[in-house]
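These are my notebook entries on one protein chain. I set out below what I looked up, entry by entry.

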Amino acid sequence: MIIVFLGPPGSGKGTYAQLLAQKGWIHFSIGQAMREYAKTGGKYSEEIKKIQASGKLAPGNIFFHVFSHYVQKWGKKNVVLDGLPRTLPQAKEMKRHLTRFRSIDAYFLINVSEEEVMDRLSQRRQCEKCGEVYGTSQKPKTKGKCNRCGGKLIQRNDDKPSVIRERFRVYHAETEPVIEWAAAHYPMFLIHGHGSSSVVFKRIFRIISVLKKGE
């Protein structure tokens with residue numbers, strides 16, 4: 001099964017994808033994949049660093065260069081796509097691209113207010129080594145250190161207030177059209193994203209369980 005989590009920045013997509021990963025799913029975040037790629041010094045490394053610092057989206061050639069590298073490794077495992085596709089052209093191209101391997105089973109739209117997102121992201125920190133995310137729903141046992149690997153927790157450049165506002169502008173302009181298109185091509189589930197992560201995840205997992213029974 002392949003599912004997609006969509007929603008504004010800070011809506012909890014990564015948190016809920018991590019919870020699925022604990023159940024054996026592959027958690028694919030294009031943002032994390034881009035950050036990992038940027039560290040390799042590869043062809044697009046410097047471009048990706050500049051794009052992420054600005055809050056803008058990667059152009060199609062970079063997006064699919066990174067995305068294609070991972071798709072072939074998934075096999076038949078359950079996969080959650082965290083926050084992608086982000087634009088309508090990406091969505092259409094992903095549909096064509098995945099047809100050669102598998103197909104997306106459903107989209108989940110996690111809905112939260114901009115005010116709550118600003119509060120969440122101002123508190124969010126991420127491990128610079130393994131990518132584990134900490135914030136209002138998950139706290140480090142030792143301040144500034146990752147529970148999983150002991151790595152240093154940092155504030156991402158794209159979680160700074162000015163960049164958050166730009167990410168919201170981009171989300172409204174670029175990603176909202178994806179929602180309308182996806183609803184016409186796939187099952188689309190609207191998830192009320194307010195509340196604790198455990199409560200919201202239960203809402204999501206109940207739907208997933210029903211979908212898997214129907215496979």
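Before turning to helices, I noted that axes are lines fitted to C-alpha atoms, for helices over the stretch in contact, and that angles run from 0 to 180 degrees between N-to-C directions. Helices (H or I, at least four residues) and strands (E, at least two) are DSSP runs, numbered from the N terminus.

**Entry 1: the model.** I recorded that this is a predicted model, in which local features need pLDDT of at least 70 and side-chain atom pairs count only at pLDDT 80 or more, while totals for chains, interfaces and linings use all residues. Residues are numbered from 1 along each chain as its sequence is written, and side-chain values use heavy atoms, with hydrogens and water left out. The pLDDT is the predictor's confidence in each residue, from 0 to 100. The protein chain averages 88, and 100% of the residues score at least 70. Where is confidence lowest, and where is it highest? I found the lowest mean, 81, in helix α6 (residues 114-123), and the highest, 96, in strand β8 (residues 188-192).

**Entry 2: two helices.** I looked up helix α5 (residues 88-99) and helix α7 (residues 161-185), whose axes come within 8 Å and cross at roughly 35°. Contact means heavy atoms within 4.5 Å. On the α5 side I listed Leu88, Ala91, Lys92 and Lys95, which meet Glu174, Pro177, Val178, Trp181 and His185 in α7. The residues of this contact divide into 5 nonpolar, 1 polar and 3 charged. Here Ala, Val, Leu, Ile, Met, Phe, Trp, Tyr, Cys and Pro count as nonpolar, Asp, Glu, Lys and Arg as charged, and the others, Gly among them, as polar.

**Entry 3: the sheet of 5 strands.** Strands of a sheet pair through backbone hydrogen bonds, either parallel or antiparallel. Two strands pair if DSSP finds at least two bridges between them. I read the order of this open sheet as β2-β3-β1-β4-β8, with parallel pairing. Its edge strands, β2 (26-29) and β8, each pair on one side only. Neighbouring strands are turned by 20° against each other on average, direction ignored. How many bridges join β4 to β8? I noted 5 bridges between strand β4 (residues 106-111) and β8, and Phe108 has Phe189 in β8 as its bridge partner.

**Entry 4: the sheet of 3 strands.** This open sheet has the order β6-β5-β7, and the pairing is antiparallel. The edge strands are β6 (133-134) and β7 (153-154), each pairing on one side only. I found 2 bridges between β5 and β6, and Arg125 stands opposite Tyr134 in β6.
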